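Thank you for letting me take a few minutes today.

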Amino acid sequence: MNILELSEQEIVRRNSLSRLRELGIEPYPADEFVVDAWSDEAKANFSDTDSEPRQVRMAGRVMSRRIMGKASFMELQDSKGRIQVYVNRDEICPDEDKSLYNEVFKKLLDIGDFVGITGFVFRTQTGEISVHARTLTVLSKSLKPLPIVCENHAQGARRSRLHRSGNTHPASHCRRCKRAPVYHPFQCTQHSHVYAYRHRTLSEAADSGRI
C-alpha cells in the first residue's frame, strides 16, 4: 500500500508494528493464547468474601488506557463485554528490563490491539471489579483505527473522551451526527475457551489493510 494513501493514525500504527518486531514481538501470526475467563462472568462471579483471589487468563482488545507513571489502567474488551485491568510496571516486568511497560504498553499499544493477560480478580478502592495483571502479552496489532458509529450521548460521551485520550479523534468522523461517536470493535473469534488467532486469516487481513 502506498504510504500516501494512509492516514496519520495508520502510519503511526505501522511504525509501532515495526518497533514491536525490533523488540522481538511478532503479531502476525500471533501465538495461540488459551483463556479461562470472560469479562462478564469474571465480574458476575466475584465475591469480596473469597478467601483467595480468583486467578484468570483473559484476552481481548485494548479499548482505553490511563497512564499513571509506574501503574496504569486499561479497559479490555472480549466477546462478552469489558473489564478494567490494573497494570503495574514492576509486576509485568519483574526483571531489570522494563521495556514491556515503558515502551510497549505506554507507547506502542493502540486502541484496538489484542493483548492477553494473566492475573487475579479484585475490587478497586472505587468499587470497580477489575483484573490485577501479572503478565501481559501482545497478541495482534490493529493497523487501522476501529470503526466509529453514533449512539446516544448518554451512552457514548464517556467512551468518546477515553478514546480521544488514546490518540484518536472520533469527533471529526461523525460531523453529520449530533450524538457522541463510539468505537464498536470487531467480534473476537473464540472456540472452546481459546482465542483462535488464525494464522492465515490474520496474514490476509494484514496484507489487505483490514487490521
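Predicted model: local features only at pLDDT ≥ 70, side-chain atom pairs only at ≥ 80, totals over all residues.

Strand E5, residues 114-123, is joined to strand E6 by 10 bridges, and the two run antiparallel. Strands here (E, at least two residues) and helices (H or I, at least four residues) are DSSP runs numbered from the N terminus, and two strands pair if DSSP finds at least two bridges between them. Residues are numbered from 1 along each chain as its sequence is written, and side-chain values use heavy atoms, with hydrogens and water left out.

Which residue is the bridge partner of Phe120 in E6? That partner is His132, and His132 sits in E6, which covers residues 129-140. Is His132 buried or exposed? His132 counts as buried because its relative accessibility is 12%, where buried means under 20% relative accessible area, exposed over 50%, and partly exposed in between, with a 1.4 Å probe and protein chains only. The side chain of His132 also makes a polar contact of 2.7 Å with the side chain of Glu91; such a contact is a pair of N or O atoms within 3.5 Å, where within protein one must be able to donate a hydrogen and the other to accept it, and residues adjacent in sequence count only if both atoms are side-chain atoms.

A closed barrel of 5 strands runs in the order E2-E3-E4-E6-E5, with mixed pairing, and the twist from one strand to the next averages 55 degrees; angles run from 0 to 180 degrees between N-to-C directions, and axes are lines fitted to C-alpha atoms, for helices over the stretch in contact. Strand E2 is joined to E5 by 7 antiparallel bridges, with Ala59 standing opposite Gly116 in E5. E2 is likewise joined to E3 by 7 bridges, again antiparallel, and there Val62 stands opposite Leu76.
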